[in-house]
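Visitor: Please take a close look at one part of this model, the nonpolar core and the helices packed around it. I would like the cut-offs stated along the way.

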Amino acid sequence: MAVPEWWRNLSLFTILDLHGVPDNLDQKAQYIDDFVNKLLAIHSDKMLKETPCDHICEKCGTLMIKELPDDRVGTYGIICPNCGWGAVTTYTDPIVTDQTQYSIVLLEGNESSVEVIRAVNKVSHRNLLKSKQLIESAPQVIYEGDALEVFDMKEILDAEAVLYKIEPDYPYD
């Protein structure tokens, strides 16, 4: 059986930790369960967004349209494009409710270009000189926050190809 494309490995363990006496896994069982549950919740939400709506309008028989919020939280509904009949419920993306505190660690090997320094500056909320010093003295924690906050900082760093890692494992792409 192939590993699904959406699966992410938990970097807490190496291949050497996986052996016939998994005492080390038992000690971290809750952490492993939480990580897997987050992955499954994220996958379920992506599947929900990607599956076509197969509901038929009770009033006029037209195929209904699925409407999901763009900003990760809000109203999820189905609506008839013909007569306007529909149903709604509340939708909350798992990244919004994930209150795990994540750390962004700046890694060694980043160049000290203006773009990289500015990206580190935006994420670390330090002046440009301190941001350059962070790059030169990496590895360094440059940001701590919940999942949604870290997602925004991740986008800033990714745009300038900054080398970093997120701890604990961050299951959101």
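Guide: In the largest nonpolar core, which has 24 residues, the members that touch the most others are Ile104, Leu106, Leu157 and Tyr170. A nonpolar core here is a set of buried Ala, Val, Leu, Ile, Met, Phe, Trp, Tyr and Cys residues joined through side-chain atoms within 4.5 Å. Buried means under 20% relative accessible area, exposed over 50%, and partly exposed in between, with a 1.4 Å probe and protein chains only. At least two residues of this core come from each of β4 (102-106), α4 (114-124), α5 (128-136), β5 (140-145), α6 (147-159) and β6 (164-167). Helices (H or I, at least four residues) and strands (E, at least two) are DSSP runs, numbered from the N terminus.

The model is predicted: local features need pLDDT of at least 70 and side-chain atom pairs count only at pLDDT 80 or more, while totals for chains, interfaces and linings use all residues. Residues are numbered from 1 along each chain as its sequence is written, and side-chain values use heavy atoms, with hydrogens and water left out.

Beyond its neighbours within four places in sequence, Leu106 is in contact (heavy atoms within 4.5 Å) with residues including Val120, Leu134, Ile135 and Ile142.

In α4, the buried residues are Val116, Ile117, Ala119, Val120, Val123 and Ser124. Down the axis of α4 they fall within an arc of 160 degrees, so they line one face of the helix; the arc is that of the directions from the helix axis to the C-beta atoms. These buried residues pack against β4, α5, β5 and α6. Just after α4, His125 has a positive phi of about 60 degrees.

In α5, Ser131, Leu134 and Ile135 are buried. Their arc, seen down the axis of α5, is within 100 degrees, so they too line one face of their helix. Leu129 and Glu136, on the other side of α5, are exposed. The buried residues of α5 pack against β4, α4 and β5.

α4 and α5 pack at an angle of about 105 degrees, with their axes 8 Å apart. Axes are lines fitted to C-alpha atoms, for helices over the stretch in contact, and angles run from 0 to 180 degrees between N-to-C directions. That makes α4 roughly perpendicular to α5, a term covering 65 to 115 degrees. Among the residues making the contact are Val116, Arg118 and Asn121 of α4 and Leu128, Lys132 and Leu134 of α5.

How values were computed: Angles under 35 degrees count as roughly parallel, over 145 as roughly antiparallel, 65 to 115 as roughly perpendicular and the rest as oblique.
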